[in-house]
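Me: Could you walk me through this model and tell me what stands behind each word you use for it?

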Amino acid sequence: MWHFKDKNVMKLYNKSNVARTIGLAPPTLLRIVAGKQNCSKLVAYCITKTLNPEAEIEDYFERIK
């Protein structure tokens, strides 16, 4: 599972558009960004590449064992 590191990063983006782009419900994306819900590697990858195509998952998420 993966945990979003810094919720301040998402202040620059329209969360509804990001959720729609990656196929998540907006409330689900909000819970992930707020740190209330962890996500799979695939969801973390999709969020990362939507925010910055050059970034790596570890730039925005930390792995939870």
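Reply: Happy to. Let me start with contacts, meaning heavy atoms within 4.5 Å: of those in the protein chain with a separation of 6 or more, 58% are between residues 24 or more positions apart. This is a predicted model, where local features need pLDDT of at least 70, side-chain atom pairs count only at pLDDT 80 or more, and totals for chains, interfaces and linings use all residues. Residues are numbered from 1 along each chain as its sequence is written, and side-chain values use heavy atoms, with hydrogens and water left out.

Me: What makes up the secondary structure of the protein chain?

Reply: It comes to 4 helices and 2 strands, and along the sequence they follow the pattern β-α-α-α-α-β. Helices (H or I, at least four residues) and strands (E, at least two) are DSSP runs, numbered from the N terminus.

Me: Why is the protein chain called as compact as a globular protein of its length?

Reply: The radius of gyration is taken over C-alpha atoms, and the globule rule is 2.2 Å times the number of residues to the power 0.38. For 65 residues the rule gives 11 Å, and the chain has 10 Å, which is close to it, so the chain is as compact as a globular protein of that length. Its C-alpha trace spans about 30 × 25 × 20 Å along the principal axes.

Me: How do you know that leucine 29 is buried?

Reply: Buried means under 20% relative accessible area, exposed means over 50%, and partly exposed lies in between (1.4 Å probe, protein chains only). Leucine 29 has 0% relative accessibility, so it counts as buried. Leucine 29 is found in helix H2 and, leaving aside neighbours within four places in sequence, is in contact with Met10, Lys15, Val18, Ala19 and Ile47. Isoleucine 57, which is 28 residues away in sequence, is 16 Å from leucine 29, C-alpha to C-alpha. Over the protein chain, buried residues make up 31% of the 65 residues.

Me: What makes alanine 34 partly exposed?

Reply: Alanine 34 has a relative accessible area of 41%, so it is called partly exposed. This residue also lies in helix H2. Between alanine 34 and lysine 7 there are 6.1 Å in space, C-alpha to C-alpha, although they are 27 residues apart in sequence. Just after H2, glycine 35 takes a positive phi of about 85 degrees.

Me: Why are the buried residues of H2 said to be on the same side?

Reply: The buried residues in H2 are Thr28, Leu29, Ile32 and Val33. They cover an arc of only 130 degrees around the axis, which puts them on the same side of H2. The arc is that of the directions from the helix axis to the C-beta atoms. As a general point, an α-helix has 3.6 residues a turn, so residues three or four places apart point the same way. The cover over the buried residues of H2 includes E1, H1, H3 and E2.

Me: What makes the buried residues of H1 line one face?

Reply: In H1, Val18, Ala19 and Ile22 are buried. Down the axis they fall within an arc of 100 degrees, so they line one face of the helix. H2 and H3 are among the elements that cover them. Arg20 and Thr21, on the other side of H1, are exposed.

Me: How do you know that threonine 21 is exposed?

Reply: Threonine 21 has 58% relative accessibility and therefore counts as exposed. Its C-alpha atom is 21 Å from that of methionine 1, 20 residues away along the chain.

Me: Which residues are buried in helix H3, and why are they put on the same side?

Reply: In helix H3 (residues 41-51), Ala44, Ile47, Thr48 and Leu51 are buried. Their arc around the axis is only 100 degrees, which puts them on the same side of H3. They pack against strand E1 (2-4), helix H1 (15-22), helix H2 (26-34), helix H4 (57-60) and strand E2 (61-63).

Me: And why is leucine 42 called exposed?

Reply: Leucine 42 has its place in helix H3, and at 60% relative accessibility it counts as exposed.
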